[in-house]
Amino acid sequence: MTEQTEENIFLFVPNIIGYARVILALISFYFMTTNYVIASLCYVVSALLDVVDGHAARYFNQGTKFGAMLDQLTDRCGTMGLVAVLAHLYPNAMFPLLLSMCIDVACHWIYLHSSILQGKQSHKFIDMSENSIMNVYYTNRIVLFFMCFGNEAFFASLYLYYFTPGPLVLGFPLLKIILYSSAPVMLAKTFISLLHCIVAAKNLAIIDINERKKLLKKTE
């Protein structure tokens with residue numbers, strides 16, 4: 001019997017796409033204050049590859065925990081880098097921009113961490129997907145894509161508007177139209193992130209209570 005060769009997770013197709021996303025994001029960060037064309041192009045391509053790597057993972061049956069974490073970190077760091085630059089370009093709006101960045105990173109981290117700790121006992125914890133509205137957010141890929149796209153469109157258009165208003169559409173600058181129309185989506189996604197944080201905190205408290213009960217039983 002021939003010994004089966006061990007798979008190299010790091011060379012899976014979706015993970016290679018993930019590395020490309022990281023490189024493009026770094027190039028975008030480098031040019032963000034000096035060349036908005038290169039920065040925007042690299043940032044947009046990196047964001048679009050986020051859709052491609054998911055399809056690649058399903059097509060090649062190469063979905064991995066490493067790939068999921070790489071994808072999550074690239075998303076968060078990409079948005080964080082852009083918002084950090086926006087805080088530099090718009091100093092008067094620094095506080096809400098920094099607040100937005102902290103909410104995005106903190107809420108995603110605590111929700112992911114609490115989900116991992118729950119393991120297969122998730123039925124004992126608070127599950128937002130049981131809510132009819134949130135269920136659509138979790139199960140409908142179109143809705144999820146629209147929310148993520150709208151959120152990115154807001155920050156990207158705010159960045160581009162600093163350098164150019166863009167072409168006029170019915171007498172209004174295109175980037176300003178995108179900025180105002182995507183603002184409600186950004187606010188809605190921020191609200192959902194805060195809900196994630198609250199639910200995750202409550203689930204962590206449940207985990208703490210269960211662990212303390214086990215500890216007290218051992219000491220009795």
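Which residues are buried in α1? Hi everyone, let's start there. P14, N15, I17, G18, R21, L24, A25 and S28 are buried in α1, where buried means under 20% relative accessible area with a 1.4 Å probe, protein chains only. These buried residues pack against α2 and α3.

A quick word on the model. It is predicted, so local features need pLDDT of at least 70 and side-chain atom pairs pLDDT 80 or more, while totals for chains, interfaces and linings use all residues. Residues are numbered from 1 along each chain as its sequence is written, and side-chain values use heavy atoms, without hydrogens or water. Helices here are DSSP runs (H or I, at least four residues), numbered from the N terminus.

Now look at α2 (residues 36–59) and α6 (residues 141–163). They pack at an angle of about 170 degrees, with axes 10 Å apart; the axes are lines fitted to C-alpha atoms over the stretch in contact, and angles run from 0 to 180 degrees between N-to-C directions. That makes α2 roughly antiparallel to α6, a label for angles over 145 degrees. Y36, A39, S40, Y43, V51 and R58 of α2 meet residues of α6 including F145 and Y159, where contact means heavy atoms within 4.5 Å.

Let's follow Y159. Leaving aside neighbours within four places in sequence, Y159 contacts residues including M32, L82 and L86. In the largest nonpolar core, which has 18 residues, Y159 is among those touching the most other members. Such a core is a set of buried Ala, Val, Leu, Ile, Met, Phe, Trp, Tyr and Cys residues joined through side-chain atoms within 4.5 Å. α3 gives the most to this core, with 6 residues.

Methods
Helix = DSSP H or I, 4+ residues; strand = E, 2+ residues; numbered from the N terminus. Parallel < 35°, antiparallel > 145°, perpendicular 65-115°, else oblique. Buried < 20%, exposed > 50% of the residue type's maximum accessible area, 1.4 Å probe, protein only.
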